Amino acid sequence: HIARVSETRGALSPQGSRLARDGILTACGALEGGIVIFDRFGCVLHMNQAARRLAGTMDGIMVRDGVLLASHRDCAEPLATMMAATIRVAAGEALEMPRPIGLRRTTTPHPLLVRAYVAPNGADGGRISVLKLQDHAHWALPSPEMVQAATGLSPAESRLAIALLEGLGAS
C-alpha cells in the first residue's frame, strides 16, 4: 500500500507529472462526463469534478481506499473486470478494450454508462487507463421520426426502440 501511495504522489506531483505536463488533467476537468484515471493497481490517480460528484453521492460509483468501486453490489464484479481488462490493454498485454457497462444507481432508473479507454502518457510511450462515466438521466431521447430516419425502422419499431431506451418492456 505504501508503494501505491508513493507511485500516486510521483505520478501527480507538479514537478514530475507526465499527466500534468501533457495537460491531460486540465482537459479531463473540462469534460461534461465523469473521467477517472487509474494506475496499474486500480488506484485512482485523478477524477474530474463530475466523477467526484458521482462518487461523493455514491450514485453508481464510490471510492474506497483509493480504489474505484461500484456502489451497488450487483455491479461490483463487472466494474472490476472492466478495470482489469483496461489495465491489461494499457500495459500492452491485450488488444481488445472491454465493452461499455451500465452501473445501477440509487437516484434514477437510468444506469451510469461506463466506457474504458487508454490514453498516451508522454513521450516514453506509456499509456494510462481511463474510464468515462456518462449520466443517461440527462440525455434527451430522440423522436420516433429521428430513429426511423437514422435506422430505417418502421414507425412501430422506432417507438419500441425508444421504449426500450426508456427502460420499458416490449409489452
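The following legends describe close-up views of a predicted model. Local features are given only at pLDDT of at least 70 and side-chain atom pairs only at pLDDT 80 or more, while totals for chains, interfaces and linings use all residues. Residues are numbered from 1 along each chain as its sequence is written, and side-chain values use heavy atoms, with hydrogens and water left out.

**View 1. Five strands form an open antiparallel sheet.** The strands follow the order β2-β1-β7-β6-β5. Helices (H or I, at least four residues) and strands (E, at least two) are DSSP runs, numbered from the N terminus; two strands pair if DSSP finds at least two bridges between them. β2 (44-47) and β5 (101-103) stand at the edges with a single partner strand each, so one side of each has no neighbour in the sheet. From one strand to the next, the twist averages 30°. Axes are lines fitted to C-alpha atoms, for helices over the stretch in contact, and angles run from 0 to 180 degrees between N-to-C directions.

**View 2. β5 pairs with β6, and helix α5 packs on the sheet.** Three antiparallel bridges link β5 to β6 (residues 112-120). Ile 101 has Val 114 of β6 as its bridge partner. Helix α5 (residues 73-90) touches β1 (34-38), β5, β6 and β7 (127-135), where contact means heavy atoms within 4.5 Å. The direction of α5 makes about 145° with that of β7.

**View 3. β1 and β2 form a hairpin.** These antiparallel strands are joined by three bridges, and the bridge partner of Ile 37 is His 46 in β2. Five residues lie between the strands, and Gly 42 in this hairpin takes a positive phi near 85°.

**View 4. Helix α6 packs against helix α7.** Two packed helices are described by the angle between their axes and the distance between the axes. For α6 (residues 144-151) and α7 (residues 155-165), the angle is about 110° and the axes are 8 Å apart. Pro 144, Val 147 and Gln 148 of α6 meet Pro 155, Ser 158, Arg 159, Ala 161 and Ile 162 of α7.

**View 5. Asp 59 forms a salt bridge with Arg 105.** A salt bridge is a side-chain nitrogen of Lys or Arg within 4 Å of a carboxyl oxygen of Asp or Glu. In this pair, the closest N and O atoms are 2.6 Å apart. Asp 59 lies in the loop between α4 (49-56) and β3 (61-64) and Arg 105 in the loop between β5 and β6, so the pair ties together parts 46 residues apart in sequence. The structure holds three salt bridges.
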